[in-house]
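User: I want to learn how to read pockets and cores in a protein model. Can you take me through one?

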Amino acid sequence: MEENEKALLEAVFGESSESEDSDHCHQNQSEDSSNNSEKNPSWEPVRGINGLWLCRDFLSPQEQFSLLSAIEKEGWFSEASHNQAMRFGNLPEWATELSHSIREVVLFSDYVSERMDSVTCDGESKACILPSEILWREPLFDQLILNVYQPGEGICPHVDLMRFEDGIAIVSLESSCIMHFTHVDDTEACESGREGRDQSPMTNLPVYLNPGSLVLMSGEARYLWKHEINRKPGFQMWVGQEIDQKRRTSITLRKLCKTE
């Protein structure tokens, strides 16, 4: 267990010198706690995709470590062949707390990135990150899917199943990656050999996801855009550089549609 915790620490904070003493460690943790209480996460809309929002500083390094530790204690990935876990209904306590944090960061983040344009909803003039009917539903999420990806592993282009309601959250941990978005009409046109919307080539919008970031998808982003993560060599490029891939953990939270 001690070795696992050390590996998790190194995954989040990087390797540390053995000469660092425990007092220094406690000091850093105190500084993290102080910074957490003062942090004000910022949101930015992804241009070109209505309903797609990104919060890059959702979780601090210490919060990421705590979350990874809670996941490790579940024992879901004790065998190397296990790389996915799903839960429905009553979620683990850490997942419920994560859901509460998502609601809070939407409600109380009073700063929006300068990239913010005039995206609004519910007839309000303020920025709309999640429509009120999604934000105030109870519970906000009742389905969890947890994936662990090794370097080179990713997800194919897809739109989440219609058995889930609008409003999907994705939290990224451990490794950075590029998530690509393509419009449903464009991908279908490409597969059939015809041109996409407005006779234009297929649009592929890359979004950089750093460890601790949060993505929210609703409306068009949830239903009309496919998302994928291709981690094969040459596909994870950002600002002309290929990302150094490591193990990546992804937490997806959704809400099941009501059944009659």
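User: What volume does the second largest pocket have?

Analyst: A pocket is found on a 1 Å grid over the protein atoms alone: it is an open set of points where a 1.4 Å probe fits, with protein on both sides within 12 Å along at least five of seven lines. Points are joined across faces, edges and corners, and the volume is the space filled by probe spheres set on them. Here the second largest pocket has about 430 Å³. One caution: this is a predicted model, where local features need pLDDT of at least 70 and side-chain atom pairs pLDDT 80 or more, while totals for chains, interfaces and linings use all residues. Numbering runs from 1 along each chain as its sequence is written, and side-chain values use heavy atoms, without hydrogens and water.

User: Which residues of the lining lie nearest the centre of the second largest pocket?

Analyst: Lining residues have an atom within 4 Å of a point. There are 17 here, with Phe 58, Leu 59, Glu 63, Glu 97 and Ser 101 nearest the centre. The elements giving two or more residues are α3 (61-74) and α4 (93-108). Helices are DSSP runs of H or I, at least four residues, and strands are E runs of at least two, numbered from the N terminus. The largest share, 7 residues, is from α4.

User: Which residues touch the most other members of the largest nonpolar core?

Analyst: A nonpolar core joins buried Ala, Val, Leu, Ile, Met, Phe, Trp, Tyr and Cys residues through side-chain atoms within 4.5 Å. Buried means under 20% relative accessible area, with a 1.4 Å probe and protein chains only. The largest core holds 32 residues; Trp 43, Phe 58, Ile 102, Leu 214, Leu 216, Ile 251 and Leu 253 touch the most other members. Its largest share, 6 residues, comes from α4. A second, separate core has 16 residues, including Ile 49, Leu 54, Val 215 and Ala 221.

User: Is Ser 218 buried or exposed?

Analyst: Ser 218 is buried, at 6% relative accessible area. This serine sits in the loop between β9 and α7 (220-223). Contact means heavy atoms within 4.5 Å. Leaving out residues up to four places away in sequence, Ser 218 touches Asn 50, Gly 51, Ile 129, Leu 130, Pro 131, Ile 134, Asp 166 and Gly 167.

User: And the whole chain: how many helices and strands does it have?

Analyst: The protein chain has 7 helices and 13 strands. Of its 260 residues, 43% count as buried. Among contacts with a separation of 6 or more, 81% join residues 24 or more positions apart.

Note on methods
Buried < 20%, exposed > 50% of the residue type's maximum accessible area, 1.4 Å probe, protein only.
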